[in-house]
Amino acid sequence: MATINMQQGYAAVLCVLAVLGREAAAPSECELTRLLQDKLQYEMRLQYMKHYFPIDYTVQVQYEEVLRPSNITRLRNGTVSEAALRYLWFHVSSQAVLRIREVLPEKHPSWKYTQELCQLFDALGKEYSKYRQTDVETVVADLVKLIHSAGAESRSKAVRPKALLDNCLKVMRMLYGVPCRWEST
């Protein structure tokens, strides 16, 4: 009986998500992003990405590697699927963490923290390995190609490490909060 009620509840959630135009995230995606959300708590971002860096320290990233909530809203209005937006968020955010890690010596106090973030993104990458760029909208596939292309440094900008992770968390909450039924989105 409980299984039937749970299945009916799950079907109702999927129906609501379909009405909202939100595609459900896989349970493993939800678990991994929940772990990421825990790692990206404000206190941790502040300590590891601001306090352990020199004042006004910035990292050079490609213009496309800065993904803000406003970008997601614009892409949603352009009818990009939620799955494609999550795919884009994964590529942008994992690349941002790698950019931060590139500038850290192994003995830096933030090294272990960024290493743990990289491990979570690696695990999430296994979830997204089933996607091919041909499976997502052209605008997203083109952005992902730009992010991973060498020589795109001409369109770079300086961004504080904490700001990169702040954007990562805000966008993650936008994309996963409803489908993963997070309480504090």
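This is a predicted model: local features need pLDDT of at least 70, side-chain atom pairs count only at pLDDT 80 or more; totals for chains, interfaces and linings use all residues.
Let me begin with Cys 118, which is buried, with a relative accessible area of 6%, where buried means under 20% relative accessible area, exposed means over 50%, and partly exposed is what lies in between, using a 1.4 Å probe and protein chains only. Another cysteine, Cys 168, counts as buried because its relative accessibility is 4%.

Residues are numbered from 1 along each chain as its sequence is written, and side-chain values use heavy atoms, with hydrogens and water left out.

Let me stay with the cysteines for a moment. If we call a disulfide a pair of cysteine sulfur atoms within 2.5 Å, the count comes to one disulfide. Its partners are Cys 30 and Cys 180, whose sulfur atoms are 1.9 Å apart, and with -80 degrees about the S-S bond this link is left-handed. The pair links distant parts of the chain, since Cys 30 lies in helix α2 (residues 27-39) and Cys 180 in the segment after α8 (161-176), 150 residues apart; helices here are DSSP runs of H or I with at least four residues, strands are runs of E with at least two, and both are numbered from the N terminus. Cys 30 is buried at 14% relative accessible area, and Cys 180 is also counted as buried, at 13%.

Now to the charged side chains. Side chains of opposite charge can pair when their charged atoms come close. A salt bridge is taken as a side-chain nitrogen of Lys or Arg within 4 Å of a carboxyl oxygen of Asp or Glu, and by this rule there are eight salt bridges. In one of them, Arg 45 and Asp 166 meet at 2.6 Å, N to O. Arg 45 lies in helix α3 (residues 42-51) and Asp 166 in helix α8, so this pair ties together parts that are 121 residues apart in sequence, and both Arg 45 and Asp 166 are buried.

Another salt bridge joins Glu 82 to Arg 76, with the closest N and O atoms 2.7 Å apart, and Glu 82 counts as buried at 3% relative accessibility. Where do Lys 112 and Glu 116 lie? Both are in helix α6 (residues 111-128), four residues apart, which is about one turn of the helix, and their side chains form a salt bridge at 2.7 Å, N to O. Salt bridges that share partners join Lys 39, Lys 112 and Glu 116 into one network.

Finally, the aromatic rings. Rings of Phe, Tyr and Trp (its six-membered ring) pair if their centres lie within 6.5 Å, with planes under 30 degrees apart counted as stacked, over 60 as edge-to-face and the rest as tilted, and by this rule there are six aromatic pairs. Phe 53 and Tyr 57 have ring centres 5.2 Å apart and planes at 35 degrees, so the pair is tilted; Phe 53 is buried at 9%, whereas Tyr 57 is partly exposed at 28%. Trp 89 and Phe 121 also form a tilted pair, 5.7 Å centre to centre with 45 degrees between the planes, and both of these residues are buried. Trp 89, Phe 90, Phe 121 and Tyr 176 form one aromatic cluster.
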